[in-house]
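Hello,

Here is the structure I promised to hand over. Please look through it first; my notes follow below.

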Amino acid sequence: MERSPFPSESRPEFECNHNAGDPVLETGIYEICHAQGSRGTAVFLQFDYFPPCTCCGSRVRYRLLHAAPHLLEDPDFRP
Ligand SMILES: [Zn+2]
């Protein structure tokens, strides 16, 4: 096992590979990679499109954190 203090954030700009306007290929929880460096998370649904950001517009990037194809079928999930 390699040990890294930031295993999932060592190459954040490389991993944020979805642009605003791109189709969402799979339902899941995505990390929002703002142009100025702040982060957030949101759920996006397959067949939808990644929206431009209110703060950084089309410069925002998105990254899949956790694919959840059955998210909306889970009775415990209430958005
Ligand atoms: Zn933004």
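**What was found**

From the N terminus on, the elements run α-β-β-β-β. That comes to 1 helix and 4 strands. Helices (H or I, at least four residues) and strands (E, at least two) are DSSP runs, numbered from the N terminus.

Two notes on the basis. The model is predicted: local features need pLDDT of at least 70, side-chain atom pairs count only at pLDDT 80 or more, and totals for chains, interfaces and linings use all residues. Residues are numbered from 1 along each chain as its sequence is written.

Of the 79 residues, 11% count as buried. Buried means 20 or more other C-beta atoms within 10 Å of a residue's own; exposed means 12 or fewer; partly exposed lies in between, with C-beta atoms placed from the backbone.

The largest nonpolar core has 6 residues: Tyr30, Cys33, Phe44, Phe50, Val60 and Tyr62. Such a core is a set of buried Ala, Val, Leu, Ile, Met, Phe, Trp, Tyr and Cys residues joined through C-beta atoms within 7 Å.

Next, contacts (C-beta atoms, placed from the backbone, within 7 Å). Of those with a separation of 6 or more, 63% link residues 24 or more positions apart. Leaving aside neighbours within four places in sequence, Tyr30 touches Thr41, Ala42, Phe44, Tyr62, Arg63, Leu64 and Leu65.

Now Gly28. It sits in strand E2 (residues 28–33). Gly28 counts as partly exposed because 17 other C-beta atoms lie within 10 Å.

Best wishes

Conventions. Contact = placed C-beta atoms within 7 Å.
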